[in-house]
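Trainee: Hi! Could we go through this protein together?

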Amino acid sequence: DGAKLLIAADCTAYAYAAFHEKFIKNMLAGAGGIDLAMLVIAADEGVMPQTVEHLDILSLLGVQGGLVVLAKAELVDDDWLELVRRQTLELTEGTFLEGAPILSVSAVTGQGIPELRDALYRLVQEAREKSALAPFRLPIDRVFSVDGFGTVVTGTLTEGAVRVGDAVELVPSGLQSRVRTLQVHGESVDAAYAGQRAALNLTNLQKTEVHRGDAAVRPGSVRPSRMLDVRLRCLESAKRTVLNGSQVHLYHGTSVHLAKAVLLDRDELRPGESCLAQLRLTEPMAVKQGDRFVIRFYSPVETIGGADGPTDILLTEEESDVAYIQDKGTLVVGITNFEPMDYRDASGEWIGFDADMAKAFAESLGVEAEFVEINWDNKVLELDGKNIDCVWNGMTLTDEVTAAMGTSTPYCTNYQ
């Protein structure tokens with residue numbers, strides 16, 4: 001009811017998330033692909049516990065911009081409204097919403113609606129455009145059947161572009177399909193792009209074969225894994241510490257998984273701290289380098305932090321034991337010379353993105369990083385028989401590579 005907002009509806013998708021605790025799971029599923037957030041606070045209630053949790057989650061997911069709305073402004077006087085505004089300034093201090101507009105709005109009287117519309121329009125125009133060059137990925141949040149068409153899946157396209165006729169792989173199941181028809185905001189289109197809500201009509205699939213939490217991707221672009229090496233961060237607002245071996249709920253895209261958090265350099269992670277960790281899942285999950293996750297306690301279910309990852313690292317079963325690496329004092333890293341990403345400088349020292357990440361990982365374990373160059377074209381032969389603890393590189397990890405490393409489960413999911 002009340003006032004309506006129409007902002008570039010032809011190219012802008014939005015997701016609504018209620019603040020009640022039992023809807024947090026839905027909020028997490030909807031927030032995975034968004035660029036901007038409108039944090040709504042009821043003026044008659046002020047900042048609530050779920051307000052804090054939602055802001056924490058948005059920060060963990062890497063949302064970069066937005067604004068704050070003080071709704072139901074008609075229910076309070078100016079003094080109370082000013083008090084809630086001060087609360088909001090304290091809440092957003094140090095977050096991505098620090099300095100963002102705070103607008104008082106009433107859907108009943110129309111107060112502030114024009115200003116809100118203008119502010120949202122400016123944010124949309126300033127938002128960074130997503131790349132359409134990456135392989136497409138669409139985390140699935142709904143599955144249903146349409147008479148005469150078959151199975152349809154919906155979700156927010158997080159990267160790339162998908163077109164009618166494109167081949168599709170469902171992960172983690174590996175089922176293959178093709179896009180028969182495609183819709184964006186209820187309109188039939190030839191292509192959908194990153195950031196848009198889309199509905200894909202998929203061929204040769206039964207509704208029962210597809211599930212919420214699956215992802216529709218370009219075939220071969222994503223590989224599932226049960227083990228993820230990440231940087232785990234515990235929120236400053238968390239009321240609990242993360243103990244080594246803690247059971248947690250892992251939220252990624254539209255999926256939820258049970259996992260064990262194995263801390264690599266400590267016994268517990270306190271509020272405000274971060275560390276390298278390995279998340280060991282009960283079932284495969286399809287992730288890519290740079291994905292973000294939200295971690296919630298197993299019981300009671302409350303948000304405790306998040307993770308950036310997975311890192312470009314593959315450890316063998318034996319060598320994933322931190323004590324083993326710390327005991328010998330070195331982390332032997334297999335790396336490929338691939339300028340300008342990684343290369344040796346004039347003194348022979350390895351420099352570059354992956355080299356720096358490997359050095360930081362070794363430092364967190366209290367050991368030195370020792371680099372062994374691996375030939376890209378003969379990587380299996382290079383790995384076989386060499387005393388390498390981990391591969392830190394974007395090379396294609398085939399079954400032969402993992403066999404040469406002595407492990408059946410690759411911990412790395414950057415396969416490009």
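Trainee: How far is the sulfur of C234 from the closest cysteine sulfur, and which residue holds that one?
Mentor: This is a predicted model, and in it the closest cysteine sulfur to that of C234 belongs to C275, 9.6 Å away. That is too far for a bond, because a disulfide needs the two sulfur atoms within 2.5 Å.

Trainee: Is C234 buried or exposed?
Mentor: Buried, because its relative accessibility is 1% and the cut-off for buried is under 20%.

Trainee: And C275, buried or exposed?
Mentor: C275 is buried too, with a relative accessible area of 1%.

Trainee: New topic! Which strands form the open sheet, and in what order?
Mentor: There are three of them, in the order β1-β2-β3, and they pair in parallel. At the edges sit β1 (36-42) and β3 (102-104), each of which pairs on one side only. From one strand to the next, the twist averages 25°.

Trainee: How many bridges are there between β2 and β3?
Mentor: Three, linking β2 (residues 65-71) with β3 in the parallel sense. If you want a spot to look at, find L70, which stands opposite S104 in β3.

Trainee: Nice. Which strands does helix α3 touch?
Mentor: Helix α3 (residues 78-92) packs on the sheet and touches β1, β2 and β3, with its direction at about 155° to that of β2. Helix α4 (residues 113-126) also lies across β1, β2 and β3, and runs at about 165° to β2.

Trainee: Now the barrel: how many strands close it, and in what order?
Mentor: Six, in the order β13-β18-β16-β15-β19-β20, with antiparallel pairing. Here the twist averages 40° from one strand to the next.

Trainee: What joins β16 to β18?
Mentor: Five bridges do, between β16 (residues 255-263) and β18 (residues 274-286), which run antiparallel. One to look for pairs A259 with L281 in β18.

Trainee: Last one: where is R296 found?
Mentor: In strand β19, which covers residues 292-297. R296 counts as buried because its relative accessibility is 2%.

Trainee: Which side chain does the side chain of R296 make a polar contact with?
Mentor: That of E53, at 2.8 Å.

Note on methods:
Residues are numbered from 1 along each chain as its sequence is written. This is a predicted model: local features need pLDDT of at least 70, side-chain atom pairs count only at pLDDT 80 or more; totals for chains, interfaces and linings use all residues. Side-chain values use heavy atoms; hydrogens and water are left out. Helices (H or I, at least four residues) and strands (E, at least two) are DSSP runs, numbered from the N terminus. Buried means under 20% relative accessible area, exposed over 50%, partly exposed in between (1.4 Å probe, protein chains only). A polar contact is a pair of N or O atoms within 3.5 Å; within protein, one must be able to donate a hydrogen and the other to accept it, and residues adjacent in sequence count only if both atoms are side-chain atoms. Two strands pair if DSSP finds at least two bridges between them. Axes are lines fitted to C-alpha atoms, for helices over the stretch in contact, and angles run from 0 to 180 degrees between N-to-C directions. Contact means heavy atoms within 4.5 Å.
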